[in-house]
Amino acid sequence: MQEQKQSFLDQLSESAAKGTFVKLTLSKPASKSSELHNIYARLVEIKGQLHLSFTLRYARRDETKNYLPAEAVKTVSDWLGKDFLQGDLYTTEKDYFFQYNKKREASLRTASPSHASTPNAGHDKAKKRLITADTANYLHLLGVANADGTIKKEGQKKFKQINKYIEIIDNLLAQQALPPKAHIVDMGSGKGYLTFALYDYLTRKLGLDIEMTGIELRPALVDLCNDIASKCGFEHLRFAAQDIRDYQPGHIDMLIALHACDTATDEAIAKGILSDSAIIVVAPCCHKQIRKEMHGHGDMQAILKHGILEERQAELITDGLRALLMEANGYATKVFEFISTEHTSKNLMITGLRAKAQPEAMAKVEAIKQAYGIKHHFLEQLLATPS
Ligand SMILES: C[S@@+](CC[C@H](N)C(=O)[O-])C[C@H]1O[C@@H](n2cnc3c(N)ncnc32)[C@H](O)[C@@H]1O
């Protein structure tokens, strides 16, 4: 067997064993007349044993087959090359793309992971949640749960988002622990759903001694959140009505900014970097600054004349440059989908863990700016001239 194929199968086997497996797809049928279009696999638990569950997608129907890992790897080995020319394996450590070209030469490409956590493997069991509503009074006070702790029908999406978010933070903390009395700042905290959940999880479930601050422009939301914090006995959580721009933190150990508008995300990242925050977690919102500056050259103009494509391009460039600027300033970054697009289209997350600075990333920033006629990225400006 080709070395690349063996290596791909080894990664499949290893990721299933280590619990880092996210999903696998087999595509590009070897024969044009094939009825079987593609295969999708996920990890499931059946009667207490992990299986790979394959969905075989035919033109008019789907068929499911469940295999124990060793058998699954052998089956994938049989399919690859004979029935399909491409296999994409996603794990929380790396993504692997295996392909045969027209001459049936094999290649294996890897990329940094596009998923930060694995989906739950429970097949017929309820999903294990890090946040449970029965003991979280703030969820009732925020209108997500009923007084008896059950989640309201209209609160289901928010509850799912909260749990996904806590799962991601939990994953980051496993890589970079917080110091005692860590200061966590949530910039643009809004109604505080995620702020309360994180405080609750870190103090009550993990037993950490932390200080948490929510910064929010709208005084009414700040009053509401301070009231809920007090009712829940969250002594070390306070909210301040302030513009992120004017907030002067003493120090920050973990900076969070979820869906803060346009350049407010840059203001938050800059505060995090300049305070030497060990962890940075942002989910950007609108991307107006770069969209106004960006000019498509040559052939790109024919594409960017479509508003939606220009918007997506602006998102890509804005967030790509944010990650590069974080890397240049000493963060190991990951960019991935936070929750599925069925919940919100604003679902990209950028995380950064303190690491060695990569000054060479600035050359990449410059090259990209030049290619798109961008004079400046707001974050770059903030880092150059801190307030
Ligand atoms: C879309 S909400 C997100 C709330 C929360 N982070 C979440 O994800 O559920 C964005 C919040 O950021 C606040 N915001 C926007 N720009 C801000 C700024 N410059 N300073 C402080 N808060 C800001 C808005 O008032 C709004 O409540």
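Hi everyone, here is a short walk through the structure above.

This is a predicted model: local features need pLDDT of at least 70, side-chain atom pairs count only at pLDDT 80 or more, and totals for chains, interfaces and linings use all residues. Residues are numbered from 1 along each chain as its sequence is written.

Let's start with the overall layout. The chain has 12 helices and 14 strands, taken as DSSP runs (helices H or I, at least four residues; strands E, at least two) and numbered from the N terminus. Domain 1 covers 3-111 and domain 2 covers 133-384, with bounds from an automatic or database domain assignment. Their C-alpha centres sit 34 Å apart.

What does the C-alpha trace span along its principal axes? About 65 × 60 × 40 Å.

Of the 387 residues, 35% count as buried, meaning 20 or more other C-beta atoms, placed from the backbone, lie within 10 Å of a residue's own.

Now to the ligand. Which residues are closest to the ligand? Among the 17 residues that surround the ligand, the closest are Gly188, Gly190, Leu217, Leu258 and Ala264; a residue is near if its C-beta atom, placed from the backbone, lies within 6 Å. The elements giving two or more residues to this shell are α5 (193-205) and β9 (210-216).

Terms used
A residue is buried if 20 or more other C-beta atoms lie within 10 Å of its own, exposed if 12 or fewer, and partly exposed in between; C-beta atoms are placed from the backbone.
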